[in-house]
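I opened my notebook to record what I looked up in this structure.

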Amino acid sequence: MHSKTIAELFADLRARRVSSSELTRHFLERISRFDSGLNSFISVTEDAAIAAAAAADRRLATGDAGPLTGIPLAHKDIFCTRGVKTSCGSRMLDNFISPYDATVVERMEQAGVVMLGKTNMDEFAMGSSNETSWYGPVRNPWDRTRVPGGSSGGSAAAVAARLAPAATGTDTGGSIRQPAALCGLTGLKPTYGRVSRYGMIAFASSLDQAGPIATSAEDAALLLTAMAGFDPRDSTSLERPVPDYRAQLDDTSVAGLTIGLPREYFGDGLDSGVARAVEEAVDVYRRLGANVVEVSLPNSALAVPTYYVVAPAECSSNLSRFDGVRFGYRCEEPLNLIDLYERSRGEGFGAEVKRRIMIGTYVLSAGYYDAYYLKAQRLRRLISDDFRRAFTEVDVILGPTAPTPAFGLGAKQDDPLTMYLCDIYTIAVNLAGLPALSLPCGFAGGLPVGLQLIGDYFADGRLLGLAHAYQRETDWHRRIPAEYK
Amino acid sequence: MSLSEGDVKRIARLARLEISAADVPRYAHDLSAILAFVEQMGTVDTAAVAPMAHPLDAVQRLRDDAVTEGNEREAFQAIAPQVEQGLYLVPRVIE
């Protein structure tokens with residue numbers, strides 16, 4: 001039953017071929033059997049899951065069920081969950097039992113979703129390999145000597161190994177799409193503001209956005225429909241109605257659509273196996289009647305440098321709340337208040353988080369603000385304008401999600417800049433606030449390759465429809481690593 | 001842009017982060033490399049470009065100044081490192 005999609009599982013639940021309790025126990029058993037080799041979960045909430053499944057079964061029995069009722073799911077450990085440890089992958093929050101639920105968690109619970117546990121992640125979502133976690137690295141189910149990507153690496157590894165039918169993630173510079181690509185999954189970063197950020201531990205508030213990691217576009221559509229919507233508790237939440245993304249999947253016709261390939265995304269640095277798989281996917285869309293043209297996003301090369309000013313600046317401000325006074329880690333026997341702050345933060349945060357806080361502090365400090373932060377904000381507009389111009393010529397932009405397939409554990413850990421370049425094709429989307437989706441489109445050297453679709457603002461549904469059309473023609477998204485079948 | 005070890009110590013102090021003396025050279029190296037990489041921003045003239053702070057150029061939404069949350073002090077203080085009589089405790093600030 002773990003090889004089925006959410007849509008298929010729900011049909012089984014509704015037809016009483018399986019109960020949510022049986023389904024939940026099945027996935028809990030898989031977690032206990034396989035996760036010691038993957039490290040994809042930080043917490044497994046077994047008792048709560050069994051109770052939630054029983055409640056879901058009662059709803060299913062009375063006919064009071066939606067399309068996610070009784071479906072097990074894992075949440076990235078960045079989402080606050082009442083009464084459950086919410087660590088954000090950090091020693092700083094290792095003792096943090098959240099007193100409230102994130103809006104995403106609350107909405108999923110209302111939909112009758114059964115939470116299996118909380119997934120591992122790069123510390124405070126800062127990383128592209130899941131190696132910065134205080135709880136240790138996550139391994140890629142396709143090859144356990146390799147990384148699953150990051151920062152939502154635990155969510156991606158858990159779903160790829162079918163330890164959960166789907167998981168939530170967050171994406172600040174590629175943290176849903178890149179791990180989805182490296183693990184052979186479908187992951188969507190929605191339009192900025194589409195999903196509430198309330199209770200989602202903030203990294204860079206103008207870039208952060210939550211979304212689903214699933215095994216198909218149809219499942220991602222089901223999950224987005226439940227996650228999305230206006231939330232007065234998030235000041236940047238969009239006041240727009242949420243369509244039924246799944247019902248709309250077939251509304252997107254590929255025939256006659258113009259797909260743009262940005263020439264900057266197919267240049268030096270792109271692995272040849274990745275390029276080949278992406279080009280074959282383009283042929284599938286051509287066969288379906290799409291018109292494929294080249295476009296240019298001339299400021300693409302500036303996206304990563306711009307991001308590494310904007311994101312650290314916002315992170316240094318957001319992470320100032322971790323002070324060792326009100327919650328989280330506190331150092332032993334502080335000498336005075338400054339010592340308490342400095343040692344609690346110095347001991348509670350890992351090296352990558354400290355690097356980013358210091359970069360952010362520096363670029364915001366007196367004398368440097370204009371040269372770095374304001375400059376980056378100006379470039380951010382140029383990067384956004386590139387997309388605006390491209391979308392006057394094309395309906396959707398297509399390219400690789402990541403420049404290479406999954407790399408080895410430890411391969412890039414000692415060089416922050418090499419790691420930053422893993423997100424070379426994903427970061428510009430966050431700066432602009434656009435929706436983008438990664439879906440599996442083949443393999444290179446036995447490892448999954450991700451195809452990225454980028455849409456204009458609010459084109460989340462169109463991206464899901466395009467991915468769904470591709471997944472009806474291909475079966476890459478059905479592939480499961482041999483050991484986890 | 002190259003940061004000296006003194007710069008690293010100053011930034012760490014501003015950020016309220018203890019960095020051990022042994023780690024300072026490594027941070028000086030890494031932060032300098034990141035800032036040198038970021039220097040690429042200077043290759044484009046942006047004098048006429050308006051800064052973009054938010055993806056949708058949205059303005060802050062306002063709400064009525066009304067109490068919408070209950071008092072959950074006990075729940076919040078239950079997870080604090082040190083509290084006494086409803087107060088958060090820190091080391092003595094004024095001698």
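**Entry 1: two helix pairs in chain A**

I began with helix H4 (residues 103–110) of chain A and helix H7 (residues 217–227) of chain A, whose axes come within 9 Å and cross at roughly 110°. I kept in mind that this is a predicted model. Angles of 65 to 115 degrees count as roughly perpendicular, so H4(A) and H7(A) are roughly perpendicular to each other.

Next I asked which residues make the contact of H4(A) and H7(A). From H4(A) I noted A:Val104, A:Arg107 and A:Met108. From H7(A) I noted A:Leu223, A:Ala226 and A:Met227. I sorted this contact by class and found five nonpolar, no polar and one charged residues.

Then I turned to H9(A) and H11(A). Their axes are 7 Å apart, and the helices pack at an angle of about 100°. That angle makes H9(A) roughly perpendicular to H11(A).

H9(A) brings A:Tyr308, A:Val309, A:Pro312, A:Ala313, A:Cys315 and A:Ser316. H11(A) brings A:Arg356, A:Ile357, A:Ile359, A:Gly360, A:Thr361, A:Val363 and A:Leu364. By class, the contact of H9(A) with H11(A) has nine nonpolar, three polar and one charged residues.

**Entry 2: chain A against chain B**

I moved on to the interface. How many residues does each chain give to the contact? I read 71 residues from chain A and 52 residues from chain B. The two chains bury about 5400 Å² between them, and 68% of that is on carbon and sulfur atoms. I also looked up which three residues supply more than any other three of the area that chain A buries against chain B. They are A:Met358, A:Arg378 and A:Arg381, with 14%.

**Entry 3: charges and polar pairs**

I searched the interface of chain A and chain B for salt bridges and got one. A:Arg355 pairs with B:Asp30, and their closest N and O atoms are 3.1 Å apart. For polar contacts between the two chains, I wrote down 17 residue pairs.

**Entry 4: the side of chain A that touches chain B**

Which helices of chain A each supply at least two residues to this side? I found H9 (303–318), H10 (337–348), H11 (351–364), H12 (369–393), H13 (416–420) and H14 (427–432). H12(A) gives the largest share, 12 residues. Last, I checked the classes: this side of chain A has 41 nonpolar, 15 polar and 15 charged residues.

Definitions and conventions: Residues are numbered from 1 along each chain as its sequence is written. Chains are lettered from A and ligands numbered from 1 in the order in which they are written. This is a predicted model: local features need pLDDT of at least 70, side-chain atom pairs count only at pLDDT 80 or more; totals for chains, interfaces and linings use all residues. Side-chain values use heavy atoms; hydrogens and water are left out. Contact means heavy atoms within 4.5 Å. Buried area is the accessible area (1.4 Å probe) that two parts lose on being put together, summed over both. A salt bridge is a side-chain nitrogen of Lys or Arg within 4 Å of a carboxyl oxygen of Asp or Glu. A polar contact is a pair of N or O atoms within 3.5 Å; within protein, one must be able to donate a hydrogen and the other to accept it, and residues adjacent in sequence count only if both atoms are side-chain atoms. Helices (H or I, at least four residues) and strands (E, at least two) are DSSP runs, numbered from the N terminus. Ala, Val, Leu, Ile, Met, Phe, Trp, Tyr, Cys and Pro count as nonpolar, Asp, Glu, Lys and Arg as charged, and the others, Gly among them, as polar. Axes are lines fitted to C-alpha atoms, for helices over the stretch in contact, and angles run from 0 to 180 degrees between N-to-C directions. Angles under 35 degrees count as roughly parallel, over 145 as roughly antiparallel, 65 to 115 as roughly perpendicular and the rest as oblique.
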